[in-house]
Amino acid sequence: AIVDKEFKKYFAYPSSKIEKDLDGNIVTTTYEVNTDYGYPESEMADYGNGMNKTIQYTDYVFSGGSYRPQLITRTQKHTDDSTPFTKKTHVTYDLEKGWKKQIIDNYKSVLPVTTSYTYDSWGNVLSSASSGDGIISVTQYTEYDNTKRFPKKVYTSPASAVNTYTYDTWGNVLTENDETNLSYVLSTTHTYDNWGSRTSTTTPSRLKTTYAKGWNGKADKRY
(Lines give C-alpha, C1' and ligand atoms only; values in the text may rest on other atoms or scores of the structure.)
Protein backbone atom coordinates (compact mmCIF):
# COMPACT_ATOMS: atom_id res chain seq x y z
CA ALA A 1 0.00 0.00 0.00
CA ILE A 2 1.17 3.55 -0.73
CA VAL A 3 0.04 6.57 1.29
CA ASP A 4 0.37 10.07 -0.13
CA LYS A 5 1.98 12.23 2.56
CA GLU A 6 1.77 15.35 0.34
CA PHE A 7 4.63 17.50 -0.93
CA LYS A 8 5.74 14.61 -3.18
CA LYS A 9 6.34 12.36 -0.19
CA TYR A 10 4.96 8.84 -0.03
CA PHE A 11 4.86 6.14 2.61
CA ALA A 12 4.87 2.54 1.33
CA TYR A 13 4.26 -0.59 3.40
CA PRO A 14 3.20 -4.20 2.69
CA SER A 15 -0.55 -4.49 3.27
CA SER A 16 -0.69 -8.22 2.56
CA LYS A 17 1.50 -11.20 1.74
CA ILE A 18 0.52 -14.58 0.27
CA GLU A 19 2.77 -17.61 0.74
CA LYS A 20 2.30 -21.06 -0.78
CA ASP A 21 4.39 -24.05 0.29
CA LEU A 22 5.34 -27.15 -1.70
CA ASP A 23 2.21 -28.96 -0.47
CA GLY A 24 -0.05 -26.23 -1.78
CA ASN A 25 -0.93 -24.79 1.65
CA ILE A 26 -1.60 -21.06 1.45
CA VAL A 27 -0.98 -18.53 4.24
CA THR A 28 -2.30 -15.02 3.78
CA THR A 29 -0.85 -12.36 6.11
CA THR A 30 -2.40 -8.90 6.33
CA TYR A 31 -0.84 -5.87 8.00
CA GLU A 32 -2.23 -2.70 9.57
CA VAL A 33 0.12 0.25 9.95
CA ASN A 34 -0.27 3.67 11.55
CA THR A 35 0.26 5.84 8.48
CA ASP A 36 0.90 8.99 10.52
CA TYR A 37 3.95 7.62 12.34
CA GLY A 38 4.78 4.44 10.41
CA TYR A 39 4.60 1.92 13.24
CA PRO A 40 2.80 -1.46 12.94
CA GLU A 41 -0.59 -1.86 14.61
CA SER A 42 -1.44 -5.47 13.78
CA GLU A 43 -0.66 -8.45 11.61
CA MET A 44 -2.84 -11.50 11.00
CA ALA A 45 -1.79 -14.77 9.40
CA ASP A 46 -4.75 -16.74 7.99
CA TYR A 47 -4.01 -20.44 7.49
CA GLY A 48 -7.48 -21.31 6.21
CA ASN A 49 -10.05 -23.68 7.75
CA GLY A 50 -10.65 -21.17 10.55
CA MET A 51 -7.04 -21.18 11.77
CA ASN A 52 -5.20 -17.90 12.27
CA LYS A 53 -2.69 -15.98 14.36
CA THR A 54 -3.00 -12.30 15.19
CA ILE A 55 -0.51 -9.91 16.80
CA GLN A 56 -1.69 -6.49 17.95
CA TYR A 57 0.67 -3.68 18.94
CA THR A 58 -0.94 -1.00 21.12
CA ASP A 59 -0.29 1.61 23.79
CA TYR A 60 2.67 3.14 21.99
CA VAL A 61 5.13 5.42 23.74
CA PHE A 62 7.84 7.66 22.30
CA SER A 63 11.06 6.18 23.67
CA GLY A 64 14.65 6.38 22.52
CA GLY A 65 13.75 8.48 19.50
CA SER A 66 11.00 6.22 18.12
CA TYR A 67 7.56 4.88 18.94
CA ARG A 68 7.49 1.52 20.73
CA PRO A 69 4.51 -0.66 21.73
CA GLN A 70 3.95 -1.18 25.45
CA LEU A 71 1.29 -3.87 24.96
CA ILE A 72 1.62 -6.81 22.55
CA THR A 73 -1.39 -9.12 22.29
CA ARG A 74 -1.07 -12.48 20.52
CA THR A 75 -4.20 -14.43 19.64
CA GLN A 76 -4.23 -17.89 18.11
CA LYS A 77 -7.25 -19.81 16.79
CA HIS A 78 -7.32 -23.50 15.85
CA THR A 79 -10.16 -25.41 14.24
CA ASP A 80 -10.06 -27.99 17.05
CA ASP A 81 -10.81 -25.36 19.71
CA SER A 82 -13.72 -22.95 19.60
CA THR A 83 -12.03 -20.61 22.09
CA PRO A 84 -9.08 -18.52 20.85
CA PHE A 85 -5.91 -18.56 22.94
CA THR A 86 -4.71 -15.09 23.93
CA LYS A 87 -1.39 -14.08 25.46
CA LYS A 88 -0.43 -10.51 26.41
CA THR A 89 3.01 -9.04 26.96
CA HIS A 90 3.60 -5.66 28.60
CA VAL A 91 6.86 -3.79 28.05
CA THR A 92 8.24 -0.84 30.03
CA TYR A 93 10.98 1.23 28.37
CA ASP A 94 13.63 3.67 29.39
CA LEU A 95 12.11 6.78 27.84
CA GLU A 96 15.45 8.40 27.05
CA LYS A 97 17.37 5.39 25.71
CA GLY A 98 14.57 3.12 24.48
CA TRP A 99 15.92 0.13 26.39
CA LYS A 100 13.49 -2.44 27.75
CA LYS A 101 13.42 -2.04 31.53
CA GLN A 102 10.74 -4.62 32.26
CA ILE A 103 8.78 -7.29 30.38
CA ILE A 104 5.70 -8.96 31.84
CA ASP A 105 4.71 -12.14 30.02
CA ASN A 106 1.20 -13.53 30.53
CA TYR A 107 0.21 -9.97 31.42
CA LYS A 108 -3.04 -9.67 33.40
CA SER A 109 -3.30 -13.44 33.82
CA VAL A 110 -3.18 -15.50 37.00
CA LEU A 111 0.44 -16.50 36.29
CA PRO A 112 2.41 -13.46 35.05
CA VAL A 113 6.20 -13.71 34.74
CA THR A 114 8.16 -10.48 35.18
CA THR A 115 11.68 -9.92 33.87
CA SER A 116 13.57 -6.75 34.80
CA TYR A 117 16.75 -5.53 33.12
CA THR A 118 19.71 -3.31 33.97
CA TYR A 119 22.23 -1.89 31.48
CA ASP A 120 25.65 -0.32 31.32
CA SER A 121 26.26 3.04 29.65
CA TRP A 122 26.85 1.27 26.31
CA GLY A 123 23.42 -0.34 26.31
CA ASN A 124 24.65 -3.84 27.15
CA VAL A 125 22.39 -5.89 29.40
CA LEU A 126 24.11 -6.32 32.77
CA SER A 127 21.39 -8.28 34.52
CA SER A 128 17.99 -9.82 33.90
CA ALA A 129 15.90 -10.93 36.86
CA SER A 130 12.85 -13.14 36.39
CA SER A 131 10.16 -13.65 38.99
CA GLY A 132 6.63 -14.97 39.22
CA ASP A 133 4.17 -16.81 41.39
CA GLY A 134 5.34 -20.36 42.03
CA ILE A 135 8.78 -20.01 40.43
CA ILE A 136 12.19 -19.40 41.95
CA SER A 137 13.46 -15.92 41.19
CA VAL A 138 16.65 -16.14 39.14
CA THR A 139 18.96 -13.32 38.07
CA GLN A 140 21.36 -13.69 35.15
CA TYR A 141 24.43 -11.45 35.14
CA THR A 142 26.64 -10.66 32.16
CA GLU A 143 30.16 -9.24 32.21
CA TYR A 144 31.78 -7.85 29.05
CA ASP A 145 35.32 -7.63 27.71
CA ASN A 146 37.33 -4.41 27.61
CA THR A 147 35.82 -3.40 24.27
CA LYS A 148 32.31 -3.66 25.76
CA ARG A 149 31.24 -5.59 22.65
CA PHE A 150 31.36 -9.22 23.72
CA PRO A 151 30.15 -11.03 26.87
CA LYS A 152 33.08 -12.68 28.64
CA LYS A 153 31.17 -14.18 31.57
CA VAL A 154 27.53 -15.13 32.12
CA TYR A 155 26.37 -16.47 35.47
CA THR A 156 23.20 -16.80 37.53
CA SER A 157 22.11 -16.16 41.09
CA PRO A 158 21.14 -18.32 42.91
CA ALA A 159 24.19 -20.06 41.46
CA SER A 160 23.21 -22.61 38.83
CA ALA A 161 25.46 -21.92 35.84
CA VAL A 162 28.70 -20.10 35.05
CA ASN A 163 29.97 -19.72 31.47
CA THR A 164 32.99 -17.78 30.19
CA TYR A 165 34.03 -16.88 26.64
CA THR A 166 37.07 -15.64 24.74
CA TYR A 167 37.15 -14.05 21.29
CA ASP A 168 39.52 -13.07 18.54
CA THR A 169 39.85 -9.48 17.30
CA TRP A 170 36.84 -9.84 14.98
CA GLY A 171 34.47 -11.25 17.60
CA ASN A 172 34.66 -14.92 16.64
CA VAL A 173 34.22 -17.15 19.69
CA LEU A 174 37.49 -19.00 20.43
CA THR A 175 36.55 -20.77 23.65
CA GLU A 176 33.37 -21.53 25.58
CA ASN A 177 33.92 -22.74 29.13
CA ASP A 178 31.27 -24.17 31.42
CA GLU A 179 32.74 -23.31 34.83
CA THR A 180 29.72 -24.25 36.92
CA ASN A 181 31.91 -26.89 38.56
CA LEU A 182 35.42 -25.44 38.82
CA SER A 183 36.90 -28.86 39.50
CA TYR A 184 35.56 -30.06 36.15
CA VAL A 185 35.54 -27.26 33.60
CA LEU A 186 33.94 -28.19 30.27
CA SER A 187 35.66 -26.42 27.38
CA THR A 188 34.61 -26.05 23.75
CA THR A 189 37.12 -24.52 21.32
CA HIS A 190 36.74 -23.14 17.80
CA THR A 191 39.21 -22.30 15.03
CA TYR A 192 38.76 -20.06 11.99
CA ASP A 193 40.45 -19.34 8.69
CA ASN A 194 41.69 -15.92 7.57
CA TRP A 195 38.21 -15.06 6.26
CA GLY A 196 36.61 -15.63 9.65
CA SER A 197 34.89 -18.86 8.60
CA ARG A 198 34.86 -21.57 11.25
CA THR A 199 37.17 -24.47 10.41
CA SER A 200 36.79 -26.69 13.47
CA THR A 201 35.00 -27.18 16.78
CA THR A 202 36.25 -29.41 19.59
CA THR A 203 33.76 -30.34 22.34
CA PRO A 204 34.54 -31.19 25.99
CA SER A 205 34.39 -34.90 25.04
CA ARG A 206 37.22 -34.19 22.52
CA LEU A 207 34.92 -34.79 19.59
CA LYS A 208 36.28 -32.64 16.77
CA THR A 209 34.18 -31.44 13.87
CA THR A 210 35.88 -29.83 10.88
CA TYR A 211 34.26 -27.53 8.34
CA ALA A 212 35.29 -26.89 4.75
CA LYS A 213 33.80 -24.65 2.10
CA GLY A 214 34.55 -24.74 -1.59
CA TRP A 215 33.14 -24.84 -5.10
CA ASN A 216 32.83 -28.27 -6.68
CA GLY A 217 35.04 -29.73 -3.96
CA LYS A 218 38.00 -27.47 -4.72
CA ALA A 219 39.58 -26.00 -1.62
CA ASP A 220 41.24 -23.20 -3.55
CA LYS A 221 37.76 -21.98 -4.61
CA ARG A 222 36.42 -21.88 -1.09
CA TYR A 223 34.72 -18.79 0.27
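# Strands, rings and turns in a predicted model

Asp105 stands opposite Val113, a residue of strand β10. This is a predicted model in which local features need pLDDT of at least 70 and side-chain atom pairs count only at pLDDT 80 or more, while totals for chains, interfaces and linings use all residues. Residues are numbered from 1 along each chain as its sequence is written, and side-chain values use heavy atoms, with hydrogens and water left out.

## Paired strands

The strands named here are DSSP runs of E with at least two residues, numbered from the N terminus (helices would be runs of H or I with at least four residues). Two strands are said to pair if DSSP finds at least two bridges between them. Strand β9 (residues 100–105) is joined by four bridges to strand β10 (residues 113–119), and these two run antiparallel. Strand β9 also pairs in the antiparallel sense with strand β8 (residues 85–93), over five bridges, and here Gln102 of β9 is the residue opposite Thr92. In the hairpin of β8 and β9 there are six residues between the strands, and Gly98 takes a positive phi near 85°.

The hairpin of β13 and β14 has four residues between its strands. In the loop between β13 and β14 lies Pro158, which is joined to Ser157 by a cis peptide bond with omega of about 0°.

Most residues other than glycine have a negative phi, and most peptide bonds are trans. Against that background, Asp59 has a positive phi near 55° without being a glycine, and this residue belongs to strand β6 (residues 51–63). Lys108, also not a glycine, has a positive phi of about 60° and is found in the loop between β9 and β10.

## Aromatic rings

Rings of Phe, Tyr and Trp (its six-membered ring) pair if their centres lie within 6.5 Å; planes under 30 degrees apart count as stacked, over 60 as edge-to-face and the rest as tilted. The structure holds eight aromatic pairs. One of them is the edge-to-face pair of Phe62 and Tyr67, with 5.0 Å from centre to centre and 65° between the planes. Another, formed by Phe150 and Tyr167, is stacked, with 4.8 Å from centre to centre and 25° between the planes. Phe150 lies in the loop between β12 (138–144) and β13 (151–157), whereas Tyr167 lies in strand β14 (residues 162–167), so this pair ties together parts that are 17 residues apart in sequence. Tyr37, Tyr39, Tyr60, Phe62 and Tyr67 form one aromatic cluster.

A ring can also lie under a charge, which is counted if NZ of Lys or CZ of Arg is within 6 Å of the ring centre and within 35 degrees of the ring normal. The charged end of Lys153 sits over the ring of Tyr155 in this way, 5.2 Å from its centre.

## Buried and exposed residues

In the table, buried means under 20% relative accessible area, exposed over 50%, and partly exposed in between (1.4 Å probe, protein chains only).

| Residue | Class | Relative accessible area |
|---|---|---|
| Ser42 | buried | 18% |
| His90 | buried | 15% |
| Phe150 | buried | 15% |
| Tyr67 | partly exposed | 34% |
| Asp59 | partly exposed | 43% |
| Phe62 | partly exposed | 49% |
| Lys108 | exposed | 70% |

For two of these residues the surroundings can be described, where contact means heavy atoms within 4.5 Å. Ser42 is placed in strand β5 (residues 40–48) and, not counting residues up to four places away in sequence, touches Thr30, Tyr31, Glu32, Ile55, Gln56 and Tyr57. The C-alpha atoms of Ser42 and Asp120 are separated by 33 Å, with the two residues 78 residues apart along the chain. His90 belongs to strand β8, and, leaving aside neighbours within four places in sequence, His90 is in contact with Gln70, Gln102, Ile103, Ile104 and Tyr107.
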